Amino acid sequence: MAETDIRPTNFIRQIIDKDLQSGLHQQIVTRFPPEPNGYLHIGHAKSICLNFGIAQDYQGKCNLRFDDTNPEKEDIDFVNSIKNDVSWLGFNWQDEPKYSSNYFDKLHGYAVELIEKGLAYVDFSSQEEMRELRGTLKEPGRNSRYRDTSVEKNKTEFAKMTAGEYQEGECVLRAKIDMTSSFMVMRDPVIYRVRFAHHHQTGDKWCVYPMYDFTHCISDAIEGITHSLCTLEFQDNRRLYDWVIENISIESVPRQYEFSRLNLEYTVLSKRKLIQLVEEGHVSGWDDPRMPTVAGLRRRGYTPASIREFCKRIGVTKMDNMVEMSMLEACIREDLNENAARAMAVLDPVEITIENYQQDGAEQLIAANHPNDESMGTRTIPFSRKIFIEAEDFREAANKKFKRLVLGKEVRLRNAYVIKAERIEKDDEGNVTHIYCSYDPDTLGKDPADGRKVKGVIHWVSAEHAIPAEIRLYDRLFNEANPAASENLVDSINPDSLVTKQGWLEPSLTNSEVGKAVQFERTGYFCKDPSSTDEKLVFNRTVGLRDTWARSAQ
């Protein structure tokens, strides 16, 4: 799959074009600001492609900044995983990664400035009191009894908070805005709270930490961000974003613009729900190949190009919508159809003995690694008297639509000879356990000399030379298109989202590179899992050759 070269257009790029033409900005500066409290998912990939893509296209700059204001839930491992994911997707940040914690001294100073302007106060109300005074969507809030505390008193109390003289939850610093505002976010929001927690960047320097909404806009301003792009759930927060910038003495004035977040069928992109799946053991971890995390997609065999193309195809709008999983799967199929080498593997084997094949040892056959790309070269495949084929590729009797092996009829083995099923053996339950065949030695790479038409082609592996492997057939994690809407998320989990088989591979796959995709011919696209060892090969299914979900829904 060649990524489309057409430069996308959307309402954000139109805003940028206008800002550049008017001279409002000389250079575009964006940022990708993840919180290091979990792994990135494909919704983050959309934001990464948007922010870094804009910076690339406009010869601007995109910062990678960690909004690390909540040390209790953050970890350096998450920081490292995020760096790895952004790089793997094909994007580079200029300068060193930035951290909101780099600005804690400045943020604290701006909080003091708001206190001095009479625009912030220390509130000792309990959480229950604050919740009651906040009001509802239909009823205005009411002022706290601490709201009119003097500036000097507030400065003193905030200094005590900073010095660690108050316990967690005993008090907070709130912005003094408007408790009657129709926007809940403007009803004197908390901007600082007490937390005795070790921070992965600042250690134990601080015991007060700024809230995200206070931190984010100031960090943008400090870095000279011109266009602060976020998802629609932060639309109301823009009012607080602008209020903070307008009421502190800072020169840069960034602007926030919102776009719709990604909603993808048959999965969840809520960090809270993803954490639930991990902590309750419904998946093996953040990088489980069924997870929509970048790490999970990478382990499953998705490529950076396929994810970038998916993000380009879904576009950027202000309209919430549900994107079909088939669109993401189409992107990886198109990519791997062009770029994945071919090989043969049998996942559900039945053994064949070719009775008239008398050659000792193995015959080495030559096969192309890709039918349409000679540059990928060729490989040798051992062929012998005993081979494995898929059990579903044989029937005792079948109509003309069945193009595989039928008792008494012929079929071609991929890259090899034409064989004919002569007789079979069954077990006590009537299952076929062995097929005895004959072969036509004059059909290697050519049709039978007498003009017989052999239409079917099946894959196979030499039984003597095949390599055993654990094959993990991954499918969609949920049965419902919108599992987030279900009353119990766990009830929507697809019990067949992982099926494990013991398969047999052609020897060329022994030294496969971890994560590099290969097409198991007629079966699907697979990649070697990082858990593989020399003693035990493990392959993950990335995606089938066709969209079986679409067919089953018809």
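What is the volume of the largest cavity? About 160 Å³. Hold on to that while I set the ground rules.

This is a predicted model, where local features need pLDDT of at least 70 and side-chain atom pairs count only at pLDDT 80 or more, while totals for chains, interfaces and linings use all residues. Residues are numbered from 1 along each chain as its sequence is written, and side-chain values use heavy atoms, with hydrogens and water left out.

Back to the cavity. On a 1 Å grid over the protein atoms alone, a cavity is a set of points where a 1.4 Å probe fits but cannot get out, and lining residues have an atom within 4 Å of a point. Volume is the space filled by probe spheres set on those points. The count is 1 cavity of 30 Å³ or more. Its lining has 17 residues, with R290, M291, L297, R300 and M325 nearest the centre. Helix 10 (294-300) and helix 12 (325-339) each give two or more residues to that lining. Helix 12 gives the most, with 3. The lining splits into 11 nonpolar, 1 polar and 5 charged residues.

Next, the sheets. Strands are DSSP runs of E, at least two residues; helices are runs of H or I, at least four. Two strands pair if DSSP finds at least two bridges between them.

Strand 1 meets strand 2 (residues 61-66) over 4 bridges. There, R31 has N63 as its bridge partner.

The other open sheet has 4 strands, order 4-5-6-7, and is antiparallel. Strand 4 (120-123) and strand 7 (208-210) each have a single partner strand, so one side of each lacks a neighbour in the sheet. Strand 4 and strand 5 (residues 172-175) are joined by 4 bridges. D123 stands opposite V172 in strand 5.

Last, a helix pair. How do helix 2 and helix 11 lie relative to each other, parallel or perpendicular? Roughly perpendicular, a label for angles of 65 to 115 degrees. The axes of helix 2 (residues 42-57) and helix 11 (residues 304-314) cross at roughly 75 degrees and come within 9 Å. Axes are lines fitted to C-alpha atoms over the stretch in contact, with angles from 0 to 180 degrees between N-to-C directions. Contact means heavy atoms within 4.5 Å. Helix 2 brings I42, A45, K46 and C49; helix 11 brings I307, R308, F310, C311 and I314. That contact has 7 nonpolar residues, no polar and 2 charged.

Notes:
1 Å grid on protein atoms, 1.4 Å probe; cavity = no way out; pocket = protein on both sides within 12 Å on 5 of 7 lines; lining within 4 Å. Nonpolar A, V, L, I, M, F, W, Y, C, P; charged D, E, K, R; others polar. Parallel < 35°, antiparallel > 145°, perpendicular 65-115°, else oblique.
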